[in-house]
Amino acid sequence: MTGTIFAQQTVEQVAEKLAQEQLDAYNKRDIDAFVAPYAENVKVYKFPNELMYEGKTTMYDTYGRMFARTPDLHCRLVNRIVMGNTVIDQEEVTISKKDPPMNAIAIYKIKDGKIAEVYFIQ
């Protein structure tokens, strides 16, 4: 029983670390650090199952352009739930200081030590 609990904690610690790494890089608009926690074939969905895009290269291009054109971009973590290999973040995202922040939920699924799937609810 102790081994199982320890293994779950380890999975959860890795999952939370990856989610936090990408969030910190997002707020710094550091594209290289942002994509580092993601799997090469990451799949990004609009919840529940609408595939928006697949692959780290597409993510790099998409977020790289967004980081370049949104100097006010900032994501404030409101709440985080970690269970097993899944992280659920409730977020307030500021695109421009002149507009109110938008509320979003991001669900990260970790596989083989990388973020393999992301689901967005907005």
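Both Arg 80 and Asp 89 are buried, where buried denotes a relative accessible area under 20%, exposed over 50%, and partly exposed in between (1.4 Å probe, protein chains only). The side chains of these two residues, Arg 80 and Asp 89, meet in a salt bridge with an N to O distance of 2.7 Å; a salt bridge is taken as a side-chain nitrogen of Lys or Arg within 4 Å of a carboxyl oxygen of Asp or Glu. The structure is a predicted model, in which local features need pLDDT of at least 70 and side-chain atom pairs count only at pLDDT 80 or more, while totals for chains, interfaces and linings use all residues. Residues are numbered from 1 along each chain as its sequence is written, and side-chain values use heavy atoms, with hydrogens and water left out.

Six salt bridges are found in a search of the whole structure. Arg 80 and Asp 89 are linked with Glu 16 in a network of such bridges. Another salt bridge joins Glu 21 to Lys 17, with the closest N and O atoms 2.6 Å apart. Glu 21 and Lys 17 both belong to helix α1 and are four residues apart, about one turn of the helix. Helices (H or I, at least four residues) and strands (E, at least two) are DSSP runs, numbered from the N terminus. Glu 21 counts as partly exposed because its relative accessible area is 32%. A salt bridge also forms between the side chains of Lys 111 and Glu 117 (3.1 Å, N to O). Of this pair, Lys 111 is partly exposed, at 42% relative accessibility, whereas Glu 117 is buried, at 16%.

Helix α1, spanning residues 2–28, also contains Gln 22. Gln 22 is classed as buried because its relative accessible area is 3%. Its side chain makes a polar contact of 3.0 Å with the side chain of Tyr 108. A polar contact is a pair of N or O atoms within 3.5 Å; within protein, one must be able to donate a hydrogen and the other to accept it, and residues adjacent in sequence count only if both atoms are side-chain atoms. Apart from neighbours within four places in sequence, Gln 22 is in contact (heavy atoms within 4.5 Å) with Phe 34, Pro 37, Tyr 38, Tyr 108 and Ile 115.

The largest nonpolar core has 27 residues, and those with the most contacts inside it are Tyr 26, Phe 34, Met 59, Tyr 63 and Tyr 108. Such a core is a set of buried Ala, Val, Leu, Ile, Met, Phe, Trp, Tyr and Cys residues joined through side-chain atoms within 4.5 Å. Two or more residues of this core come from each of α1, α2 (31–35), β1 (38–46), α3 (56–69), β4 (86–94), β5 (102–111) and β6 (114–121). The largest share, six residues, is given by α1. Not counting residues up to four places away in sequence, Met 59 touches Ile 31, Phe 34, Val 35, Tyr 38, Val 42, Val 44, Tyr 53 and Gly 64.

Six strands form an open sheet of mixed pairing, in the order β2-β1-β6-β5-β4-β3; two strands pair if DSSP finds at least two bridges between them. The edge strands, each pairing on one side only, are β2 (50–54) and β3 (74–83). Strands β1 and β6 run parallel and are joined by five bridges. Tyr 45 has Tyr 119 in β6 as its bridge partner. Helix α3 packs on the sheet, touching β1, β2 and β6, and its direction makes about 65° with that of β1. Axes are lines fitted to C-alpha atoms, for helices over the stretch in contact, and angles run from 0 to 180 degrees between N-to-C directions.
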